[in-house]
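Subject: Structure for your review

Dear colleague,

Please find below the structure that I am handing over to you.

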Amino acid sequence: MLLTISTTHRPATDLGFLLHKHPDRVQAFPQSYGTAHVCYPEVGEERCTAALVLDVEPQALLRSRGAGRSPDFALAQYVNDRPYAASSLFAVALGDVFRSALKGKCAARPELAAAAIPLTLRLPAVACRGGPAEVRRMFEPLGWEVEATAVPLDPGLPGWGDSRYVDLTLSGEFRLADALSHLYVLLPVLDGAKHYWVSGAEVDKLLRAGEGWLAGHPERGVIARRYLARRQRLVRDAIERLAEVDDAATGGAPGSDADPVVEEPEDREGSASLAEQRAGAVLAVLRAEQARRVIDLGCGSGKLLARLLDEPRFERVTGVDVSAAAVEWARRRLRVDGMPPQRAERLGLFVGSALYRDRRFAGHDAAVLMEVVEHVDPSRLPALAAVVFGHAAPRTVVVTTPNVEYNIRYAGLAAGRLRHADHRFEWTRAEFAAWAGAVAERYGYQVRYLPVGDADPELGPPTQMGVFTR
Amino acid sequence: MTVPDGSTPARGPGEGAPAAGGRVLTIPESGLVVLVGVSGSGKSTFAARHFRPTQVVGSDFCRGLVSDDENDQSASADAFELLHHIVDTRLRRGLLTVVDATNVRQQTRAPLLRIAKRHDVLSTAVVLDVPERVARDRNRARSDRDFGDHVISRQRRDLRRGLGRLDKEGFRRVHVLRGPEEIDAVSVELEKAWNDRRHLTGPFDIVGDVHGCRAELEELLAGLGYLVDRDAHGRAVGARHPQGRTAVFVGDLVDRGPDTPGVLRLVMGMVAAGTALCVPGNHENKLVRALRGRKVTVAHGLAESLAQLDAEPEEFRAVVLEFCDGLVSHYVLDGGRLVVAHAGLKEEYHGRSSGRVRSFALYGETTGETDEYGLPVRHPWARDYRGAATVVYGHVPTPEPEWVNNTICIDTGCVFGGRLTALRYPERELAQVKAHRVWYRPARPFPSAAEAAPAAPPERDSGVLDVRDVLGEDPEQDVRVETAHGPVSVRAPNTLAALEVMSRFAVDPRWLLYLPPTMAPAPTSADPAVLERPAEAFAHYLGDGVERVICQEKHMGSRAVAVVCRDTAAAERRFVPGTLGTIHTRTGRPFFTDPVVESAVLAELRDGIEAAGLWTELDTDWIALDGELLPWSAKAAGLIREQYAAVGAAGRAALPAVAGVLDAVAARGLDVAELSGKVARRAAGIEAFSAVYRRYTWPVEGAAGLRYAPFAVLAGEGRSFADRDHLWHMGIAERLADHTPRVLTTRYLVVDVTDPAAVDAAGAWWRELVTGGGEGMVVKPLAGALARGRRGLAQPGLKVRGPEYLRIIYGPDYLEPDRIERLRDRSLGRKSGLALREHKLGLESLARHARGEPLWRVHQPVFGVLALESEPVDPRL
């Protein structure tokens with residue numbers, strides 16, 4: 001809620017011209033979510049300091065989200081840091097109150113606006129999940145001298161460590177317009193929270209403001225990606241409300257664990273092509289087994305479905321996922337609405353669970369469980385086997401799952417950690433074979449095992465695949 | 001049996017018959033009636049006179065629906081499609097349906113008959129045959145009908161052509177009414193299906209397959225309390241129960257055993273005297289054919305019956321033939337809650353009549369394959385059974401009767417040396433007598449109960465849930481869950497959210513007998529300075545006619561349901577084998593990520609229950625508790641860090657800096673007093689806010705530091721404790737606390753809301769609780785969870801939260817006058833409606849579990865609570 005801008009350029013009072021705000025006045029600028037105040041705590045020839053104080057009204061924040069939208073209640077909307085921290089909201093105020101300064105316009109001192117002057121910017125509470133290190137990574141490449149200290153979480157909770165806020169002071173010689181544009185773009189990037197009040201248009205506007213320096217920034221990839229990720233998360237769903245009922249924190253988590261988009265295992269495995277290889281291996285098995293009607297249980301965003309639809313030999317392609325959001329995402333990704341009728345007729349897509357028997361699963365000659373079983377609690381696996389092998393009982397079932405022995409080959413994966421936060425377990429080859437063998441015996445299947453990915457002579461392949469036939 | 005026109009003897013007029021001497025048409029109560037007659041023959045008038053408007057589906061009506069013009073013949077195809085759909089839906093639901101269309105051509109009648117057949121209901125044709133002149137005159141008199149006379153002539157030709165063969169088309173009964181006089185004079189009498197004995201409510205003793213084991217049957221009946229009547233030869237010829245109980249035989253009285261005639265004599269006597277009902281088995285069916293002299297393969301013990309019956313007089317054989325031939329394939333009893341059929345019956349066949357219904361009832365559903373002993377492989381229909389009616393049957397000998405989805409097979413192979421079993425209904429108790437000897441060697445070895453016991457238990461396929469159990473037939477549609485307190489409906493998108501959470505995060509559903517309902521706050525305080533206070537909660541209950549309430553201290557922790565088993569045997573029988581209990585959250589997730597901690601807490605609760613003597617006192621080997629696990633930080637550490645402490649940190653970092661800037665500005669002589677004042681108040685607000693969450697945060701290491709405050713004993717074996725009052729529940733919690741330090745008691749106060757002094761005292765008690773950030777209290781009807789108010793089930797509780805505590809709900813500064821003024825405008829209706837609906841579902845799942853209903857029945861209301869919890873509602877309430 002506070003930014004101070006100081007300069008020691010002489011005369012320092014020229015800062016008032018550059019900011020288009022008179023040093024001897026206290027000015028208020030109404031915003032849709034509160035009021036921005038500009039005032040000068042320090043005015044002298046040697047040194048002049050301007051302050052932007054943003055007084056956020058939480059109630060106004062809610063109202064500004066617009067009436068007539070579907071009710072979206074989350075506690076985070078009522079108890080949050082927006083009134084105190086310098087966040088994306090602060091960037092929006094900055095862009096509004098210092099609009100001309102941001103554009104480098106100054107009729108009274110045009111040469112000064114074009115010149116680099118000594119500046120010190122201070123923000124006592126910058127929302128930044130990455131801590132001081134990340135702040136430095138963002139500002140130092142631009143030439144700032146960065147002084148950043150983490151704010152402790154709570155003196156009353158010893159041992160709880162630091163908060164996600166940083167007390168930040170930036171010093172350097174910059175054009176004022178550039179300095180403001182750095183804050184304008186980078187404050188929302190540092191702030192990992194969900195920006196449900198920032199519309200897509202505003203995001204574009206912010207990105208445009210980075211023209212001129214963003215292209216040369218070593219972290220430009222991160223900066224751009226955060227904006228994009230944020231846009232995908234404009235929608236929250238009922239699942240998160242349930243998590244909240246359970247006292248689980250959802251506010252700042254990087255994507256809910258229900259979100260199928262941001263948590264692709266490939267990212268962690270460090271090999272984007274492993275997913276491709278897996279889909280290829282599954283397709284090869286389905287072709288070899290002469291499957292014609294295939295059901296993909298746990299279809300996610302529908303990557304395998306797309307490849308199945310591309311091959312006319314698959315007369316019927318059914319995608320099922322337990323997440324309504326995933327099914328919706330697959331529907332959009334596959335462009336179901338604009339699909340030619342003969343392709344659309346082959347496709348079925350619905351929300352279902354491999355733990356609940358479902359007559360819609362019947363009538364397929366192959367079922368695919370690609371990277372699914374490891375997301376199911378071990379105690380529920382018998383139910384999954386009963387539903388898939390006992391009830392749906394297609395001629396062929398293809399199961400892929402990580403081979404945990406291979407994990408030590410992943411440099412970024414700490415020992416003992418699993419590849420995905422939602423994995424309930426990862427099996428060794430022997431453990432997988434034990435499960436698969438028991439299931440095959442109980443439900444009358446034969447099972448064979450095939451490697452997926454570049455196999456290590458000792459550790460085996462990164463992904464293991466079991467092909468069940470009867 | 002087809003009864004064509006003319007052969008039906010004219011009976012006396014039924015109740016409310018319009019004209020004396022007119023014919024009485026008997027029509028099955030829940031079948032299809034097809035009116036047949038040319039335009040102007042008076043079908044609509046006939047239908048309106050004899051049937052309710054909703055029972056009649058007319059082609060003109062449907063034509064109007066699809067074209068806005070009842071006479072638009074170009075819309076006929078669509079109109080009939082709609083008509084067929086309506087007929088299909090009504091017949092599926094078992095409703096009498098009358099089709100008012102000309103139906104003069106076989107091609108238009110055929111699809112209707114197909115629909116009736118699909119739903120296994122009987123079809124009746126009523127032909128209104130009027131002279132062409134009458135029809136013509138009537139049509140001319142109607143301004144909206146402009147088709148020519150030739151149309152009627154053609155219709156009449158069509159009618160004549162088909163008239164003689166209507167019965168061959170598949171109508172069970174054909175009534176032809178000739179001329180306006182006869183049509184006006186008839187009356188209609190609705191006839192119940194033969195299998196419909198819903199008015200009989202028992203109590204019943206349902207007896208399994210007897211197969212000629214007369215001595216065992218007499219022993220069983222005597223054991224059940226029946227007094228056997230004997231003839232001059234000392235033979236049992238009847239039996240009656242002094243308390244008026246009725247025996248129901250599931251069939252297969254005959255064959256294989258030593259005394260088929262003796263069994264028949266006894267049962268026939270009981271049925272004739274009205275002390276027993278009997279449905280046929282496949283063996284009776286075959287015996288009938290053999291006695292009629294048809295060619296049958298004499299095997300499976302039929303030879304013994306025939307030989308034994310040959311020794312009886314001819315008259316006896318005739319009576320036996322008549323008796324067995326007249327048996328009705330199945331009975332629907334006790335208001336539809338009980339169905340008895342020899343081989344069982346799937347739900348869609350209950351109360352229906354057709355060849356395939358009879359065949360299912362006699363033989364079951366076979367897959368067409370045979371097993372290694374040459375016996376037919378049967379389709380396990382009971383595993384898929386989802387009906388509300390209890391189905392009792394025999395046919396397949398099993399060593400031990402077992403309930404599967406509300407069905408039970410009580411053929412325990414008496415004739416093979418097993419036992420003869422009776423099920424007492426509604427008590428659901430089994431009575432058994434041992435076979436006196438092995439009377440017959442079965443084709444497939446029949447294990448004795450002792451031999452079968454150590455073998456693997458039958459595949460618990462009924463433990464697998466079906467998606468239809470929770471999403472209904474159509475996942476796009478809302479789901480309705482019937483409860484003892486009325487139906488509760490759940491919106492379709494919410495059921496999908498629940499499906500995901502249940503599949504991905506919940507504990508094994510066999511543990512979930514209850515999910516706690518949400519709780520509404522007391523109505524908003526009339527005092528503008530606070531949002532909630534006790535007065536409104538008391539006023540609510542006073543207004544609802546609930547005079548005695550209990551105020552319970554609200555512990556700020558996390559809701560936790562604990563199911564504690566005494567031993568693994570209890571867990572295996574009732575929940576999940578190889579475990580000893582579970583502790584789950586309000587959404588069914590495991591409370592602890594570390595199973596070691598869960599086991600430790602469960603072990604202490606188990607020891608506490610043991611030491612308090614509750615296993616014996618409550619006569620159970622498992623107990624489900626509902627309570628609050630403390631500290632809040634144990635479960636909500638992430639939430640406290642991300643949501644609360646973070647806000648405190650940001651405020652503490654920013655506000656002093658802002659205050660410093662404003663002080664400097666003020667020192668320059670500028671006026672920032674208003675803003676300064678605001679910042680100072682905010683800084684104080686942040687400190688008060690932080691004090692609240694700190695209060696509920698303390699270190700926990702494994703199980704050390706955890707406290708469990710139970711406030712309800714939900715259930716034990718065979719019963720729910722929802723009927724106990726809250727003092728009882730509090731008393732149990734206190735006794736547990738006496739025996740295990742892990743358990744924390746709850747302070748409470750009983751208040752008579754009609755007594756102003758008591759209400760004042762309770763207000764003071766509450767103020768003491770909330771000073772310094774206490775969460776507050778919950779006000780509940782003292783009588784317990786089943787307490788009723790003026791409008792039915794009362795709200796199970798209303799929370800009254802403290803003003804300081806509410807800072808963590810409404811924000812650190814919510815007590816600022818302009819802020820609280822706006823917050824007072826909170827609509828509570830949705831929240832309290834939700835609380836009551838979830839409460840009904842909670843009571844229902846406990847009741848179903850207590851009755852021993854199958855998993856899917858218990859899961860349905862539990863799933864409903866989870867789905868309702870995902871509805872968008874202001875989380876601050």
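The notes below go from the domains to the chain contact and then to a pair of helices.

Please bear in mind that this is a predicted model.

Domains

An automatic or database assignment divides chain A into domain 1, residues 2–197, and domain 2, residues 265–469. The C-alpha centres of domain 1 of chain A and domain 2 of chain A are 48 Å apart.

For chain B, the assignment gives domain 1 (24–191), domain 2 (204–434), domain 3 (466–506 + 826–876), domain 4 (525–551 + 746–822) and domain 5 (633–696). Between the C-alpha centres of domain 4 of chain B and domain 5 of chain B the distance is 30 Å. Their contact involves 8 residues of domain 4 of chain B and 12 residues of domain 5 of chain B. On the domain 4 side, 3 of these residues are nonpolar, 1 is polar and 4 are charged.

In an unreviewed entry, UniProt records the feature "domain: Polynucleotide kinase-phosphatase ligase" at residues 497–872 of chain B. This span of chain B is 48% helix and 16% strand, and its end C-alpha atoms lie 12 Å apart.

Contact between the chains

In the model, 63 residues of chain B are in contact with 68 residues of chain A. On the chain B side, the elements that give two or more residues are α17 (467–471), α18 (492–504), α23 (632–667), α24 (673–695), α27 (807–810) and α28 (817–823). The largest share comes from α23(B), with 22 residues. By class, the side of chain B that touches chain A has 32 nonpolar, 13 polar and 18 charged residues.

A helix pair in chain B

Helix α29 (829–850) of chain B packs against helix α30 (855–869) of chain B at an angle of about 160 degrees, and their axes are 8 Å apart. Because angles over 145 degrees count as roughly antiparallel, α29(B) is roughly antiparallel to α30(B). The crossing of α29(B) past α30(B) is left-handed.

From α29(B), the residues that make the contact include Leu834(B), Leu841(B), Gly842(B) and Arg848(B). From α30(B), Val858(B), Pro861(B), Val862(B), Val865(B) and Leu868(B) are among them. Taken by class, this contact has 7 nonpolar, 4 polar and 5 charged residues.

With kind regards

Terms used
Residues are numbered from 1 along each chain as its sequence is written. Chains are lettered from A and ligands numbered from 1 in the order in which they are written. This is a predicted model: local features need pLDDT of at least 70, side-chain atom pairs count only at pLDDT 80 or more; totals for chains, interfaces and linings use all residues. UniProt positions are given in the numbering used here, feature names are shortened, and annotations may be inferred rather than shown by experiment. Helices (H or I, at least four residues) and strands (E, at least two) are DSSP runs, numbered from the N terminus. Domain bounds come from an automatic or database domain assignment. Two residues are in contact if their C-beta atoms, placed from the backbone, lie within 7 Å. Ala, Val, Leu, Ile, Met, Phe, Trp, Tyr, Cys and Pro count as nonpolar, Asp, Glu, Lys and Arg as charged, and the others, Gly among them, as polar. Axes are lines fitted to C-alpha atoms, for helices over the stretch in contact, and angles run from 0 to 180 degrees between N-to-C directions. Angles under 35 degrees count as roughly parallel, over 145 as roughly antiparallel, 65 to 115 as roughly perpendicular and the rest as oblique. A crossing is left-handed if the near helix is turned anticlockwise from the far one by less than a right angle, and right-handed if clockwise.
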